[in-house]
Amino acid sequence: MNEDLQPQHAEERVPLRIDRSWLESFRARIDHNGPWDDWTLFQLAYEAEQARLVKSFDELQCLTHLTSVEPLPHQLDTARKVLHEMRGRAILADEVGLGKTIEAGLILKEYMVRDLVKRTLILVPASLVLQWVRELNHKFGIAAVAQKKPYHWQSEVVVASMDTAKREPHRSILMEQEYDMIIIDEAHKLKNRKTTNYQFIMQLRKKFCLLLTATPVQNDMNELYNLITLLKPGQLGRHGEYSANYVADKRIPKNEGGLQQELSKVMIRNRRGEGGVHFTKRIVKNIPLTLSAEEQALYDGVTTFVKEQYKANGGDLGSMFSMITLQREVCSSRDAVFLTLVNLSKKLAEDSPIRNKIWELVDLIKGIKENTKAETAMNLIREMNEKVIVFTEYRATQEYLMQYFSNHGLLAVPYRGGMNRGKKDWMMDLFRGRAQVMIATEAGGEGINLQFCHHMINFDLPWNPMRVEQRIGRVHRLGQTNDVKIYNLSTRGTIEEHILNLLHEKINMFEMVIGRLDMILERFEEQGSLERNLSRILMEASSKEDIEREVHSLGQSLNSIRNQVHNDKTIQAKDEQRAAVQSFLNQYSTEAEA
Amino acid sequence: MDTEQISSYIMRYLDATSCNIMEKTPVYVTVKLSEQADRLLTNRPYYWGFIDRTGTEAETMRYTFVFDPDNMPPDPYRAPISYVTAPSVPSNPVAAGDAAIQRTFGVAPGFNGGSRGPDRIPRENVNFGSRRLAQIMDVAKESGRFVSLYESLDSESEVQFARGRHSVAYEPWILLNVKLEFACDLKREEVHSIGFSLISGTLHTNFMDKMMQCSLTPKLPAQVHTMTWRYTLDQAVQQIEQTLTEHVRNSDEAWAVEASERLEDEWDRLAAYYEPLLKEEAENKAKAKANEVTVTVTDTDTEQASQPVILTIVVNEEPPDETEQVVTDKEPNQRTLQEQYDLRRNEIEWQFQPRIEMSIINAAIIYLRSNKVMT
C-alpha cells in the first residue's frame with residue numbers, strides 16, 4: 001500500500017484515506033518554477049475525469065461504454081441483480097443459448113468502469129479460450145489476453161483453460177495472486193469437491209466470482225451444494241444441515257420452496273420462453289428441381305461408378321471416403337465433382353483401368369452446359385430481393401457460385417473456415433453493407449452472427465443434421481427479429497431428395513426447438529452415426545425403392561427417439577430420479593421467486 | 001459524451017500535442033501524430049528506442065480517428081479484391097460488367113495490397129467506451145498534472161492602464177481538482193474543484209469551471225508582479241482537505257452502514273460454516289493422538305512401534321468422480337482449513353469494507369488580478 005495514504009479520523013465508522021503522494025512533486029515544481037504541463041491537457045485531464053465519473057451506486061454505468069453489443073432485457077436484469085443483490089458472487093445458470101457470456105461480460109465491464117475490478121482471471125475449457133478473448137475485446141472493449149506464456153499471468157484480464165491453470169508451475173503463480181474477479185465457464189466441472197479442479201478454485205484468492213453453467217445439477221443434489229459452497233461457504237449451511245434440510249434422497253430435493261429461496265440469493269436461471277426471451281419462427285420451403293438430361297447422366301454415372309468401386313473394395317466403408325465424398329458432391333455442383341475426380345486420377349497408376357472410367361465421367365461433365373441448381377438459386381435470390389446467406393459444403397461449389405453470381409450481376413461475398421479473423425469480420429461487414437448474398441462453406445465456429453439476414457438457402461445438404469442446425473443457428477438466434485425462411489434446394493431423383501425427406505418430413509428437424517436435436521442425435525448415434533448409416537444405405541441399395549425403404553426405417557428410428565425425448569413421461573419412467581432433479585431445476589428460474 | 005463532445009475533445013488533444021491534421025470532417029479526423037503523441041499513443045517502445053539510439057529521423061504514425069462510426073463510409077483500402085473469382089475467359093458483354101464489379105470492389109490500378117499496404121492509414125473508432133478514447137484520456141491525465149498560469153491582460157486598454165499604474169499586482173491561488181471515491185462492493189464518485197487564495201485564505205468551490213472561462217497564459221505578462229504568499233502550500237492543502245473532510249462527514253452514510261452490516265452478516269455465515277469444521281478437525285486430531293498413544297502401548301515390542309500410526313480421516317462421503325482427477329495426496333501448497341477460513345474472511349472484508357478515498361486529479365498555481373471579484 002502507498003505509505004502516503006494516511007488513515008484519518010480513526011474514530012469514525014468509515015475510514016477516509018487521503019492521497020498526498022502528489023504533493024512533493026508539486027512542491028518541487030513550484031520551487032524550480034517548472035517544468036509545467038500544458039493548460040489544455042490540464043483541462044482535458046479534468047474533463048476526462050468528469051466524463052467517466054461514476055455518479056451513483058445503482059445505475060449501470062457500463063451501458064454508455066458499450067457500442068458493439070446490445071444486451072437483451074433479461075441479460076441486463078441479470079447483470080443488475082448480480083451487482084446489487086448478489087454483490088458480485090453468483091452462479092449464472094441460464095439455459096443454453098441465452099447469452100451467459102454477455103451477462104458475465106456486462107458484470108465484469110461494470111466493475112471495471114467503476115474501477116472496482118482490475119485483475120481478472122477467466123477459466124474456461126481450452127476450446128473456448130480464444131472465443132472468450134474475442135468477445136471481451138470486440139463486444140466489451142476489455143483488453144483480455146489468452147494465457148500462452150508465463151508472463152501473461154501478469155496481465156490484468158487473463159483467459160486460460162482450467163487444465164493449464166491448475167497444473168504446476170502455473171498453479172503456484174496463481175495461488176500468490178489476488179484476483180478482483182474470477183469467472184469460470186462450464187462450472188459444472190466443479191461439482192465434485194474431491195477433484196483437483198474444485199480444490200484449486202477453493203484455494204484462489206478472489207473478491208468477486210461468477211460461475212457459469214447451464215446445468216448446475218446433473219444428477220446429484222450434492223453438486224448444487226458443492227457449487228454454492230465454492231462461491232459462498234455456508235450459504236446452504238454445512239453439508240449435514242443441507243442434507244437434512246433440503247435433500248430427501250441423493251437425487252430428490254425436499255422443501256423445494258425453501259431451497260429455491262436460498263438459491264435465489266446466489267443463482268440466476270433464465271429460461272427460454274420466459275421474461276422476453278423469444279425466438280422467431282422457422283419457415284421451411286423445399287424447392288424441388290429437375291436436372292437436365294446431361295446433369296442426370298452425370299449423376300447416374302457417378303452413382304454407378306461409386307457403387308462399382310464399393311463392391312470392388314469388398315464393402316469396406318472405411319476406405320471409401322473419397323467415393324462417398326464424390327457421391328455427395330455430385331448433388332452440389334459439377335465443379336466439386338470435377339476436382340475430386342482429377343485428384344483421384346492423379347493418385348492412380350498410369351495404367352489403372354479406373355482411370356478410363358474417370359475420364360468418361362469427366363467427359364460427361366464437359367457435356368453439361370447449364371447448372372440447374374445455380375440458376376434456381378439465383379432466381380430465388382432475385383425474387384426475395386433481400387439479404388440471403390447461401391450455404392454449401394464445398395469450396396469448389398462456392399467458387400463456382402461466386403463466379404456465376406458475379407457474371408449475372410449479383411453481388412456476393414464468400415466466407416470460409418480458412419479465413420483469418422480479420423477477413424471474416426471484413427466479409428461480414430461487406431455482407432451487412434453492400435452485398436446481397438453471402439456464400440458460406442463454414443457454418444460452425446463462432447463469430448458469424450447474421451441476425452440482420454433472415455433468408456438462408458441450403459444449396460446442398462450436409463448428411464450430418466448437426467451441421468444443418470449450425471447453419472440455421474447462424475441466422476436464427478437471439479436478436480433475430482424476423483421469422484427465418486429456410487430454402488432447401490432438392491434435386492428430384494437423387495439421394496438428396498431422400499435425405500431432405502428424412503430430415504424434414506420424418507423428424508421435422510428444421511423447425512425443432514434449439515437444443516433438442518443434439519439430444520436426439522446423441523441417443524441415435526449410440527448405434528452409429530447417421531452419416532455412416534446413410535452412406536451404407538446408398539452403397540448397398542440395389543434399387544431406388546431399396547433406398548426409399550432403408551431411409552424410411554432410419555427415419556422411423558429417429559422419430560421414435562424424438563418422441564422419447566419429447567415425452568417427459570418416457571424419460572421419467574426410465575430415470576425417474578434424474579428427472580426429479582431436472583424438474584426441480586426446470587421450476588427454478590429467476591421468475592420463480594415472484 | 002456525445003459525438004460532438006468527443007470530436008472537440010480529440011481535436012483539442014491533437015492540437016495541444018502539435019499533431020498535423022490532414023483531414024477533418026464531423027465524422028472523422030485523419031492526423032499525422034507528433035512525436036510527443038506518437039510516443040504516448042502508439043505503444044512502439046522498440047521503434048522509439050531505435051530512433052533515440054541511432055538519431056534517425058522518426059516517421060510518426062498516421063491515424064484516422066472516427067468519432068461517429070455509424071456515418072463512416074466504408075474503407076476503400078479494404079475492398080475484397082482477391083475474393084472475387086475473376087472469370088477465366090471473359091466473354092465480351094460480361095467483361096464490361098465484371099470490370100464494373102471489380103471497380104466497386106476496389107480492383108483498380110494503384111491498389112496497394114489490401115490491409116497491409118504501406119500507405120494504409122489505420123482506422124480507429126473513438127466513440128465513448130472505445131479503448132483508444134480511454135487511452136487518450138489516460139494520457140491526458142498523465143500529461144496534464146501540474147500547471148502554473150497567469151491571467152492575461154486581454155485588451156489593449158488594460159495594458160495601457162497597467163502601464164500607467166506601473167505594475168499590476170497578481171494574487172496567487174492554489175487550485176486542486178480532487179476526486180472522492182465512496183466504495184464498498186460498489187462505488188460512487190465525486191469531483192471537487194477548490195481554489196485557495198494564498199493571500200486572503202479565501203476558499204472557492206467550482207474553481208476549475210471559473211478558470212476555464214478566464215484567459216490564462218503560462219508566461220508572466222509585462223507590467224505585472226506577483227504578490228508574496230501569506231500562506232504556505234501546506235496550509236493551503238490542509239485547508240482544502242479539511243473542507244472536503246467536513247463535506248464527507250456530512251454526506252449520507254447509509255450506504256456505509258449497510259455495507260458494514262453486510263460484512264458482519266457474511267462473516268457470521270462463514271463462522272457458522274468453518275468454526276464447527278475447525279472444532280471437528282481439532283477433535284479428530286486429539287483422537288488420532290490418543291489412538292497413537294494406545295498403539296504405541298500395545299506394540300511396544302515390535303519395530304513399527306517407533307513409527308506412529310497416522311489416521312486418514314475421511315470427512316467426505318461422496319464418491320470421487322470417475323472422469324476427473326481426484327486429489328489423493330495433499331498438494332504441497334494446499335492451504336489448511338484455518339488458512340482457508342482466514343482467506344475467506346479476508347476476501348469478504350476486501351469485498352464489503354466501506355472506505356472513502358480522496359485523491360488529486362491535478363493541481364495548479366494560478367495568479368489572478370488581486371481585486372478580481374470571484375462569483
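So, which residues of chain B have pLDDT under 50, and how many contacts beyond four places in sequence does the model have for them? That's residues 79-91 of chain B, with 27 such contacts, where pLDDT is the predictor's confidence in each residue, from 0 to 100, and contact means heavy atoms within 4.5 Å. Residues 106-117 of chain B also fall below 50, and that stretch has 15 contacts beyond near neighbours in sequence.

Quick housekeeping. This is a predicted model, where local features need pLDDT of at least 70 and side-chain atom pairs count only at pLDDT 80 or more, while totals for chains, interfaces and linings use all residues. Residues are numbered from 1 along each chain as its sequence is written, chains are lettered from A and ligands numbered from 1 in the order written, and side-chain values use heavy atoms, leaving out hydrogens and water.

Back to chain B: the average pLDDT is 78, with 71% of the residues scoring at least 70. Helix α4 (92-104) is lowest, at a mean of 53, and strand β7 (187-197) highest, at 94. Helices (H or I, at least four residues) and strands (E, at least two) are DSSP runs, numbered from the N terminus. For the complex, the predictor gives an ipTM of 0.78 and a pTM of 0.70.

Now chain A. There's an open, parallel sheet of 6 strands, ordered β12-β17-β16-β13-β15-β14; strands pair if DSSP finds at least two bridges between them. β12 (282-289) and β14 (412-415) of chain A are the edges, each pairing on one side only. β12(A) pairs with β17(A), residues 484-491, over 8 parallel bridges, and A:Val284 stands opposite A:Ile486 there.
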